[in-house]
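Here is a short note for a colleague who is opening this entry for the first time. Please keep the sequence and the 3D view at hand while reading.

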Amino acid sequence: MNKFKINQIDYRYLLVDTYKSLGLNEYDLAVLLVVDNILKETPTLVTSELLALKMSLDVKELDSILVSLMNRGFLEYSNLPNSNSLVTSITPTYKKISENFVRDLITYNAIEDNDNRKHSISNIYGTFEKELGRSLSPVELEKVREWVAQGIEESVIIDSLHECISKNKRVTIRSIDKIIIKRLSSKDLKEEGYSAVNEKWKKELEDTIDIANTKWTDD
């Protein structure tokens, strides 16, 4: 799904695609589409008589549908700017479609992001266990999850592990954290001219000092 801006939404398409989930039936849909078409031509008060000129339903049926759509918040009456003329507005329907669209988009992105995190965590686990030659402890697994949850890229974590292994006989969470801090700080300085990473990570390390002292490889 693409990340559309609200003003790029094709309301008519989404109305047809989601009318059932909005609690509308086919008659409601037909009336809303015709009302939308009429209002695109000129702001006006859409009556059952006016709709009857364009639809096969009789005036009584159309009047009942209009009242129902008004009561359920899909249509409303409004005054034209600088005028006392009352016109029909389909804006409430647009708002409902927009809200549903945004909610669905957020849900989709959250699921996609969650899937991406799971994939990253799985790759990191595999790499760490391969490089260290053993399974990770529950505490170590949790720390990896924390890194990923903090938005640290998979490549940064794995590269930091490799750098730590190449420089140290004893590999610990604290030593890997230090390398990650250095990498992120260096990136910030290069891109932004400053970095607040050090203080952030310092606090997190203090809060997890017991975890930080856990060995990742045997002496």
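1. Basis. This is a predicted model, in which local features need pLDDT of at least 70, side-chain atom pairs count only at pLDDT 80 or more, and totals for chains, interfaces and linings use all residues. Residues are numbered from 1 along each chain as its sequence is written, and side-chain values use heavy atoms, with hydrogens and water left out.

2. Salt bridges. How many salt bridges does the structure hold? There are five. The term means a side-chain nitrogen of Lys or Arg within 4 Å of a carboxyl oxygen of Asp or Glu. As background, side chains of opposite charge can pair when their charged atoms come close.

3. Asp 36 and Arg 12. Their side chains meet in a salt bridge, at 2.7 Å from N to O. Asp 36 lies in helix α2 (residues 26–41) and Arg 12 in helix α1 (residues 11–18), so the pair ties together parts 24 residues apart in sequence. Helices here are DSSP runs of H or I with at least four residues, strands are runs of E with at least two, and both are numbered from the N terminus.

4. Accessibility of this pair. Is Asp 36 buried or exposed? Asp 36 counts as buried, at 4% relative accessibility. Arg 12 is partly exposed, with a relative accessible area of 33%. Buried means under 20% relative accessible area, exposed means over 50%, and partly exposed is in between (1.4 Å probe, protein chains only).

5. Lys 40 joins in. Lys 40 also forms a salt bridge with Asp 36, and the closest N and O atoms are 3.9 Å apart. Both residues lie in helix α2, four residues apart, about one turn of the helix. Lys 40 is exposed, at 55% relative accessible area.

6. Glu 163 and Arg 183. A salt bridge joins these side chains, at 2.9 Å from N to O. Glu 163 belongs to helix α7 (residues 154–167) and Arg 183 to helix α8 (residues 173–192), so the pair ties together parts 20 residues apart in sequence. Glu 163 is buried at 17% relative accessibility. Arg 183 is partly exposed at 32%.

7. Tyr 77. Where does Tyr 77 sit? Its place is in strand β1 (residues 76–79). Tyr 77 is partly exposed, with a relative accessible area of 47%.
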